[in-house]
Amino acid sequence: MPKITYVLADGTRREIEASKGTSVMEAAIRNNVKGIDAECGGCLSCATCHVYVGEEWLAKLPDPDPDEADMLGFVAAEKKPNSRLACQIKLDEALSGIVVRVPPTQS
Ligand code: FES
């Protein structure tokens, strides 16, 4: 199963395994990862699943689709080049080991 490491706002690391096809947001919610609220449940209307993707993993992700790109304009924390919405990152073996950082405003 793919692994994800969440780096929380306080620097704590949480490593979680999730089934292929699960989103980084769903895995966080199921495992009570602090700071990923996902208020809209993954329908791209809240931006409370904002994460910073580890630079080394960015190239492995498809570019944000237009709806994700629009919603990234509404994140509460600073938007950075590696900002993504966790609900739009679907896990597979190629992404096993991905590291995402939770923005400080989402602690
Ligand atoms: S969970 Fe709402 S935009 Fe990702």
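User: In what order do the five strands of the open sheet sit?
Analyst: First, a caveat: this is a predicted model, where local features need pLDDT of at least 70, side-chain atom pairs count only at pLDDT 80 or more, and totals for chains, interfaces and linings use all residues. Residues are numbered from 1 along each chain as its sequence is written. Strands here are DSSP E runs of at least two residues, helices are H or I runs of at least four, both numbered from the N terminus, and two strands pair if DSSP finds at least two bridges between them. With mixed pairing, the open sheet has the order 2-1-5-3-4.

User: Which residue in strand 5 is the bridge partner of V7?
Analyst: Strand 1 and strand 5 (residues 98-101) pair in the parallel sense, over four bridges. The partner of V7 there is R101.

User: And what does K3 stand opposite in strand 2?
Analyst: Strand 1 and strand 2 (residues 13-17) run antiparallel, joined by five bridges. In strand 2, I4 has I16 as its bridge partner. K3 stands opposite E17.

User: Which residues make up the covered face of strand 1?
Analyst: In a regular strand, side chains alternate between the two faces of the sheet. Strand 1 (residues 3-7) has K3, T5 and V7 on its uncovered face. The covered face has I4 and Y6.

User: What is the radius of gyration of the protein?
Analyst: The elements run β-β-α-β-α-α-β-β from the N terminus on. Taken over C-alpha atoms, the radius is set against the globule rule, 2.2 Å times the number of residues to the power 0.38. That rule gives 13 Å for 107 residues, and the protein comes close to it, so it is as compact as a globular protein of that length, with a radius of gyration of 12 Å.

Key:
A residue is buried if 20 or more other C-beta atoms lie within 10 Å of its own, exposed if 12 or fewer, and partly exposed in between; C-beta atoms are placed from the backbone.
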